[in-house]
Amino acid sequence: MCEAIPTATLGRPSRGGAVDVSNNDALVAAANPDANTVTILTASNNTVAREVTGFVSPRAVVFHPNSQTLFVTDQDGLHKLPDVTQASVPGTALAVGGEPQGVALSPTGARAFVACMDGFVVLVD
């Protein structure tokens with residue numbers, strides 16, 4: 001979960017939520033808590049590129065500035081999908097506290113900030 005990611009800088013603030021758009025505007029990710037999936041859409045033609053299964057009630061998604069890596073919060077914690085065009089199932093979640101709800105990234109994507117239902121915000125380097 002802690003391997004290096006090539007650096008880039010966000011062209012806009014990260015806005016982690018149920019839906020996020022990649023920095024290059026090519027992909028859209030949507031959390032589907034009722035289906036336990038995350039849908040990756042190709043923005044240019046609004047088609048489903050990939051459906052990533054295996055989450056437990058995913059709540060928020062946010063793209064890394066490299067437009068390939070996606071972070072997802074679900075009941076298990078924070079997941080990192082290094083390449084959303086290849087992902088089919090999430091890896092092991094990093095436990096970050098009680099019921100992670102939201103996630104945002106620093107401008108370079110080096111840090112994630114996870115808001116939890118228990119009232120804490122967790123910083124992940």
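Me: Which is Asp-125, buried or exposed?
Reply: The model is predicted: local features need pLDDT of at least 70, side-chain atom pairs count only at pLDDT 80 or more, and totals for chains, interfaces and linings use all residues. Residues are numbered from 1 along each chain as its sequence is written, and side-chain values use heavy atoms, leaving out hydrogens and water. Buried means under 20% relative accessible area, exposed over 50%, and partly exposed in between (1.4 Å probe, protein chains only). Asp-125 has a relative accessibility of 63%, so it counts as exposed.

Me: With which residue does Asp-125 form a salt bridge?
Reply: A salt bridge is a side-chain nitrogen of Lys or Arg within 4 Å of a carboxyl oxygen of Asp or Glu. A search of the whole structure finds one. Its closest N and O atoms are 2.8 Å apart, and the partner of Asp-125 is Arg-111.

Me: How many residues apart are Arg-111 and Asp-125?
Reply: Strands (E, at least two residues) and helices (H or I, at least four) are DSSP runs, numbered from the N terminus. Arg-111 sits in the loop between β8 (100–105) and β9, while Asp-125 is in the segment after β10. The pair links distant parts of the chain, and the separation in residues is 14.

Me: How many strands does the chain have?
Reply: Along the sequence the pattern reads β-β-β-β-β-β-β-β-β-β. The chain has zero helices, and its number of strands is 10.

Me: Which backbone nitrogen lies 3.0 Å from a polar atom of the side chain of His-64?
Reply: His-64 is in the loop between β5 (60–63) and β6 (70–74). Its relative accessible area is 2%, so His-64 is buried. A polar contact is a pair of N or O atoms within 3.5 Å; within protein, one must be able to donate a hydrogen and the other to accept it, and residues adjacent in sequence count only if both atoms are side-chain atoms. The backbone nitrogen 3.0 Å from the His-64 side chain belongs to Asn-66.

Me: Which residues is Ser-67 in contact with, leaving aside its neighbours within four places in sequence?
Reply: Ser-67 is also in the loop between β5 and β6, and it is buried, because its relative accessible area is 5%. A polar atom of its side chain lies 3.0 Å from the backbone nitrogen of Asn-24. Contact means heavy atoms within 4.5 Å. Leaving aside neighbours within four places, the contacts of Ser-67 are Ser-22, Asn-23, Asn-24 and Leu-27.

Me: Over which residues is the pLDDT below 50?
Reply: pLDDT is the predictor's confidence in each residue, from 0 to 100. The chain averages 88, and 88% of the residues score at least 70. The stretch with pLDDT below 50 has 12 contacts in the model beyond near neighbours in sequence, and it covers residues 1–5.
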